[in-house]
Structure formats: C-alpha cells, structure tokens
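Please look over the structure below.

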Amino acid sequence: MELFDVYPLYNVTPVKAEGAYVWDDKGTKYLDLYGGHGVISVGHSHPKYVTAIKEQIEKIGFYSNSIQNPLQHELAEKLGRISGCDKYNLFLCNSGAEANENALKLASFITGKSRVLSFKNAFHGRTSAAVAATDNLNINAPINLQQQVTFLPLNNIELVVHELGKGDVAAVIIEGIQGVGGLDEGKKKFFKKVRKECKKTKTILILDEIQSGYGRSGQFFAFQHHKIKPDIITTAKGMANGFPIGGVLISKKIKAKYGMLGTTFGGNHLACAAAISVLDIIEEEQLIENVNDVYSYFLEEIKSVPKIKKVKGKGLMLGLEFDFEVGELRKKLIFDKHIFTGGSSNKNLLRILPPLTITKEQVAIFIKALKEVLV
C-alpha cells in the first residue's frame, strides 16, 4: 500500500526538533518560522510538555466520555482563567475543522435555521459544514455544496446587515485574523457592528480562533483586540503544541442537553494533559508578553528589508506581501538558508507563524537571510 498522494512535499525529512529549531535526517538544522501551520505554540519538545505527556501515558492515555475525567475540568478552568473567557463552557474535540463543525451545528440547533454567512478567502476546515463555509471551490465536493452559505467581503457591514435582515441566518462565522486566506482581517469597527447586528437578529456569532488564538495575535484570542464577546469561540492549532485537540467555547447562555454534541476521542486524558501543560507554559513563561515584544522588534527591523509591499497580521501571525509570487523565495529560504516559512492562498504572501517562544535573535537571523535571498 502507498500513501494517497494529496500533499506537494518539500524534500526535507525532520527527525528531531527543539525550541524553534528542527533537524532533518541528514543533520541539517532549520529555523522553524512556520510551526507546522502555527501549531507549535510553546516550542518543539518543551521539557515540561514532554514530561506531562510521559507522566500521563504511564497512568491512563484514553477512555471514553462515558466516565468522569477530572483533567477536562482542570483544562476548562485554566483555559477560562488564562484567556479571560471564564463565562463560557467548553466542549472538547480533536481538530479545528471538528470544532467549527460543532459550532455551526450548535448555531443551527439554537436558531432552527441553516444558512451561514462567511467571508471571502475564509478557511474554516475540510469537513462538511466547515468546508462549505470555506471560500475555496477546489476543496468543496458536491455533497458539501448542498450547505447554504453566503460569502461576503470583509469590512462591508451594509452587506452583512442586508443578509441578516432576510431572517434565515443561523450563524456568522469569521476568523479573528484570516490564516490560509492571507492575513486579512476585519477592522475594529466592523467586528463591533457585526456583533451588534447578530445580537439584534438573534444570530449566533462564531469566532474562528483556530489559528489566531492561544496568544498568537498578542491577545489570547484575536477578537479581544476589538473588545467584543462572541457567542461561540473555536480553537485548536496552538492548543496542545501538536497533540490533536480542538475546543468549542460556548456562551453560558446556550444550554446543553444530552446527545447534542459528542465525540469518541475528544477530551481524552492524554490530550488534556498536553493542553494543560501548554497553558501552564504560556502563563509561567509569559509567552503572550514575548509575542508582543518580538512583534514590535519585527515591525521595526523588517523596515530594512527591500521589496516588501506590506506587512499584514498581528503578533506572531504575520504575512509579508510582495509584488511577486513567493514560491521560489520559500524554496531559497528552506534549501539555501534552512528556514521554514509558509504560504497562503495569496501567492504573493510569505506567512510567518513561529513558536511563541521565538527570540529577537532568531528573528534577526531570518531578516538577514531574507535580505540575502532577495538580492
């Protein structure tokens, strides 16, 4: 049997990782400024993270959600306290797509409606409703396109008001900062007005913080830059530093009932132990403060790099936009300078998603390398 060939792969085989570095099978050391799609939040192989997983697997790694699991309660308490979202309840699942799928399902349950408002260049996952709310026809099969989704341009509140006025919308789903779409984001005024209109029309507002959450934007969740409170928040990528987990934060106004949502693997003991250790490390090592400190340094130093058209994003969720496609630039950074970066649906955008532990010295290495390959 061979693998189903759906990924274009770089010829690099990582075998070891530590902090912001990865080593391949030939012993070459790479600076990781992509973190596996922004998943690595507290650095590769953080000793406290590794210890937490080792100690948990020696006790119990998994049992179903038909029994008590105190680790789930510990995770919910810490996440609520550290994020400032203690007025929410937590449903645990396995991935970002699954988190968004459950969020959309909840919205439909609550409102009795089925249409969803999403936004141009949005990416919410690859499962049924989540992929239907993703603005990419190439990854939507006919079975997904049966969903009722309307895509609107970001920052056009008049169109949002118009669509909500039709009375058939279950949810508005929006990323705190767009990831795959190319680091575009709603303006503060837009977010506030969307929140107001959703409340007025009794529409569920879902904030997709899969990539922009867990401190990456310089706030715990990116929507917190705008001083709003969504009905539902979804999270996943940075939540357990690479261990599969997802979460749906649900306003306490939304009442649960048995059987409403469910999962086999979600919230298992090992996943919870990994996620708890990530929150502990974020808090103990003041990583959100580090994000903001390094972001300020990055913005200042990047001014010295030629050919950059625009810097997009916030914190350590950044995009460098050029007036040319960056595919070859990424290859030069990987193979000539041994630095991982990311791309997006915007072919002119270089995406930067390093571990939240990244240092100014490591950013300086990248900026020096970028100048050299752009010559």
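The second largest pocket has a volume of about 900 Å³. (A pocket is an open set of points on a 1 Å grid over the protein atoms alone, with protein on both sides within 12 Å along at least five of seven lines; lining residues have an atom within 4 Å of a point.) The model is predicted: local features need pLDDT of at least 70, side-chain atom pairs count only at pLDDT 80 or more, and totals for chains, interfaces and linings use all residues. Residues are numbered from 1 along each chain, and side-chain values use heavy atoms, without hydrogens and water.

The pocket is lined by 25 residues; Gln72, Leu90, Phe91, Leu92 and Ala256 lie nearest its centre. Strand 4 gives the largest share, four residues.

| Class in the lining of the second largest pocket | Residues |
|---|---|
| Nonpolar | 12 residues |
| Polar | 10 residues |

Now the cores. A nonpolar core joins buried Ala, Val, Leu, Ile, Met, Phe, Trp, Tyr and Cys residues through side-chain atoms within 4.5 Å. Buried means under 20% relative accessible area (1.4 Å probe, protein chains only). The largest core has 78 residues, and Leu75, Leu329, Leu350, Phe366 and Leu370 touch the most other members. Helix 8 (269-284) gives the most to this core, 10 residues. Helices are DSSP runs (H or I) of at least four residues, strands (E) of at least two. Apart from this core lies another, of 21 residues, including Leu104 and Ile250.

Finally, helix 6 (157-164). Its Ile157, Val160, Glu163 and Leu164 are buried.

Definitions and conventions. Buried < 20%, exposed > 50% of the residue type's maximum accessible area, 1.4 Å probe, protein only. 1 Å grid on protein atoms, 1.4 Å probe; cavity = no way out; pocket = protein on both sides within 12 Å on 5 of 7 lines; lining within 4 Å. Points joined across faces, edges and corners; volume = space filled by probe spheres on them. Nonpolar A, V, L, I, M, F, W, Y, C, P; charged D, E, K, R; others polar.
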